[in-house]
Amino acid sequence: GVAGAPLARLASPSMPPSPLPPVTMPRLTALGIALKAVGDDPVAHANGYICRESFSLADRPQSFYMIGSMGLAPAIGLGVALTQPHRRSIVFAGDGNLLMNLGILAMIATQRPANLVHLVFDNEVYGSTGNQASLSSGVRLDRMAAAAGFASAVAVTDPVSLEAALREALGAAGARFVLVKVTTEEADVARIPYTPAVLRDRGEE
């Protein structure tokens with residue numbers, strides 16, 4: 001048995017992730033690229049500046065904006081993927097949102113949807129509350145998704161790489177994860193004007 005064996009022998013060696021190129025892409029730029037790529041696919045947005053900036057670029061009937069609750073956009077996107085297998089389901093989340101609900105990575109990987117693309121726009125801070133540092137500065141969220149069992153998990157830092165990653169993820173089956181590293185720059189954008197009931201109902205149209 002392994003009882004009493006040194007812990008060092010029980011643990012697998014940890015390989016440090018390859019360093020990413022410098023981040024120069026604002027989130028607004030990344031969102032614009034992503035919105036263009038997903039077309040008419042339904043998108044579940046995390047609350048905060050992600051949904052506000054996305055709304056400012058293109059308010060779409062297929063966009064569901066999470067209001068007030070952190071960490072739930074991927075669960076909503078998973079539900080759409082499982083109940084509507086004929087269409088692709090997209091998630092726009094942030095690093096702070098995902099860190100609030102890391103268990104969703106295991107849930108998505110276990111359910112194995114054939115039609116889910118999960119993007120995380122990672123600026124390494126909690127922008128809505130004053131830019132406090134998040135843990136993603138020391139943890140690669142794409143590696144966590146890969147370890148959970150996503151079909152693919154990649155990280156990008158520039159527009160060209162993002163466009164390429166989206167083409168690959170949107171053209172393949174399975175649960176796909178794209179970590180989009182962005183700057184802390186925030187656009188001056190309005191809040192979402194819709195009530196939760198309106199957001200719920202327009203998603204069913």
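Two residues are in contact when heavy atoms lie within 4.5 Å of each other. By this criterion, and leaving aside neighbours within four places in sequence, Val180 touches Met25, Ala30, Leu119, Val120, Phe121, Asp122, Val156 and Leu162.

The model is predicted, so local features need pLDDT of at least 70 and side-chain atom pairs count only at pLDDT 80 or more, while totals for chains, interfaces and linings use all residues. Residues are numbered from 1 along each chain as its sequence is written, and side-chain values use heavy atoms, with hydrogens and water left out.

A nonpolar core is a set of buried (under 20% relative accessible area, 1.4 Å probe, protein chains only) Ala, Val, Leu, Ile, Met, Phe, Trp, Tyr and Cys residues joined through side-chain atoms within 4.5 Å.

| Core | Size | Members include |
|---|---|---|
| Largest | 23 residues | Ile90, Phe92, Leu119, Phe121, Leu162, Val178, Val180 |
| Second, separate | 20 residues | Ala73, Leu98, Val120, Ala145 |

The residues listed for the largest core have the most contacts inside it. H2 contributes the largest share of that core, six residues.

Helices are DSSP runs (H or I, at least four residues), numbered from the N terminus. Helix H2 (residues 27-38) packs against helix H3 (residues 49-57) at about 60°, with the axes 10 Å apart; axes are lines fitted to C-alpha atoms over the stretch in contact, and angles run from 0 to 180 degrees between N-to-C directions. On the H2 side the contact involves Arg27, Leu28, Leu31, Gly32 and Leu35, and on the H3 side Tyr49, Ile50, Glu53, Ser54, Ser56 and Leu57.

Conventions: Helices (H or I, at least four residues) and strands (E, at least two) are DSSP runs, numbered from the N terminus. Buried means under 20% relative accessible area, exposed over 50%, partly exposed in between (1.4 Å probe, protein chains only).
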